[in-house]
Amino acid sequence: MDVRLRLYRTMLLIRTVEETIERLHRTSRLYGSFHSSIGQEGCAAGVCCALRPDDLVATTHRGHGHAVAKGVPIAAIFAELFGRATGTSRAKGGSMHLHYRSVGFLGENAIVAGSMPWAAGAAWARRRAGSESIAVSFVGDGGFAQGLFHETIRLAIFWEAPCLFVCENNSLAHSMPVERVVGRPGAIADALRSTGMRSEYVDGRDAAAVHNLALDLVGHVRRGRPAFLECEVYRVRAHSLTDADYRYRPKDSGGAWLQAHDPLARLRNQLREREPDLAAIDADVRESVEQAVATAEEDVAPAVEEAFRDVTANEANHHA
Ligand SMILES: Cc1ncc(C[n+]2csc(CCOP(=O)(O)OP(=O)(O)O)c2C)c(N)n1
Ligand SMILES: [Mg+2]
């Protein structure tokens with residue numbers, strides 16, 4: 001498949017999954033927390049489509065897009081949200097703790113910057129074991145203010161851990177504007193360059209540009225050096241479902257941004273000469289998501305004994 005069509009399919013799948021999650025919450029079929037990545041799909045798709053199946057991804061509380069882009073079956077994602085036995089974490093994780101090792105998705109982590117030591121350590125361990133796979137850590141701009149962020153970068157450089165750190169600068173860390181903390185977009189990548197590590201900035205509205213740069217950086221990392229990518233995106237929705245974002249930014253900032261910059265609409269427009277292919281992808285994605293929701297919702301809740309499985313580490317507990 002043409003790589004741009006693959007990017008389009010991945011982004012549309014993320015968008016449709018997340019819009020469906022929102023609808024399921026509005027109609028009280030789902031409950032709990034959810035952090036939308038609508039508007040940020042170009043980063044997830046651009047980076048993950050540059051990876052091999054055996055490469056690893058660790059991510060944040062806003063990680064559904066990364067899970068989808070890395071190939072986690074969407075029925076397992078919905079099952080996890082519904083608290084079903086076939087959920088990615090057998091219903092023990094929920095929205096912020098999807099895990100699916102068999103496709104290299106180490107998982108989400110709700111601790112800001114927590115994905116970084118996880119991915120760097122896994123990358124280093126794999127390399128010591130002779131593997132050529134690499135790891136990617138997605139982290140938010142808010143991570144830059146964490147000590148963990150800078151400790152991990154130092155160790156990754158020192159160890160030569162084959163890890164790509166992808167910082168999604170979506171302009172806010174909850175209600176804190178990034179500009180007040182670090183400066184203009186690109187300033188995070190500039191700061192990281194001073195470590196000597198390869199560090200780049202890209203406009204995340206352009207999925208093809210993210211993908212091309214990610215291919216280059218993934219090659220660099222696979223040769224045995226960590227690298228950093230700041231990807232400028234925008235948080236279209238409120239921080240989470242229950243966040244009153246009108247208290248710290250103009251009402252409907254997200255809607256206005258999406259209207260003007262929607263990365264999915266932009267890619268679709270670039271591909272307009274492929275309309276029959278796009279229409280086929282649209283129909284396939286819609287049907288796949290409907291099917292996944294139906295399958296997941298019909299599934300049963302886990303047995304009580306499940307509460308004691310995978311709680312402590314031992315060989316018998318390791319599963320996909
Ligand atoms: C160590 C830590 N401190 C504070 C929080 C509370 N918290 C959850 S998300 C968030 C903002 C994160 O912003 P960013 O990293 O930019 O990610 P975004 O939500 O914008 O995707 C904060 C402060 C947390 N989860 N972990
Ligand atoms: Mg942010």
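Predicted model: local features only at pLDDT ≥ 70, side-chain atom pairs only at ≥ 80, totals over all residues.

Guide: First, the term. Donors are N, O and S atoms within 2.8 Å of the metal, or 3.2 Å for Na, K and Ca; water is not among the atoms, so sites may look incomplete. In sequence, the donor residues of the magnesium ion (ligand 2) are spaced D-x28-N-x1-L.

Visitor: Which residues are the protein donors of the magnesium ion?

Guide: Asp 141 (OD), Asn 170 (OD1) and Leu 172 (O). They lie 2.1 to 2.2 Å from the ion. The pair Asp 141 and Asn 170 links distant parts of the chain, 29 residues apart. Asp 141 is in the loop between β3 (135–140) and α6 (147–159). Asn 170 is in the loop between β4 (163–169) and β5 (172–173). Helices (H or I, at least four residues) and strands (E, at least two) are DSSP runs, numbered from the N terminus.

Visitor: Is Asp 141 buried or exposed?

Guide: Buried, with a relative accessible area of 6%. Asn 170 counts as buried because its relative accessibility is 6%. Buried means under 20% relative accessible area, exposed over 50%, partly exposed in between (1.4 Å probe, protein chains only).

Visitor: On to ligand 1. Which residues come nearest?

Guide: His 61, Arg 62, Ala 110, Gly 142 and Asn 170, out of 15 residues around ligand 1. Near means that a heavy atom of the residue lies within 4 Å.

Visitor: What about polar contacts?

Guide: Those are pairs of N or O atoms within 3.5 Å; within protein, one must be able to donate a hydrogen and the other to accept it, and residues adjacent in sequence count only if both atoms are side-chain atoms. A polar side-chain atom of His 61 sits 2.8 Å from an oxygen atom of ligand 1. The side chain of Asn 170 has an N or O atom 2.9 Å from an oxygen atom of ligand 1. For Leu 172, a polar backbone atom is 2.9 Å from an oxygen atom of the ligand.

Visitor: Now aromatics. How many pairs in the whole structure?

Guide: A search finds 4. Rings of Phe, Tyr and Trp (its six-membered ring) pair if their centres lie within 6.5 Å; planes under 30 degrees apart count as stacked, over 60 as edge-to-face and the rest as tilted. Tyr 234 and Trp 257 are stacked, at 5.3 Å centre to centre and 20° between the planes. Tyr 234 is in the loop between β8 (227–232) and α10 (253–261), and Trp 257 is in helix α10, 23 residues apart. Tyr 234 is buried at 15% relative accessible area, and Trp 257 at 13%. Ring pairs also link Phe 144, Phe 149 and Phe 228 into a cluster.

Notes
Residues numbered from 1 in each chain as written. Chains lettered and ligands numbered in written order. Heavy atoms only, no water.
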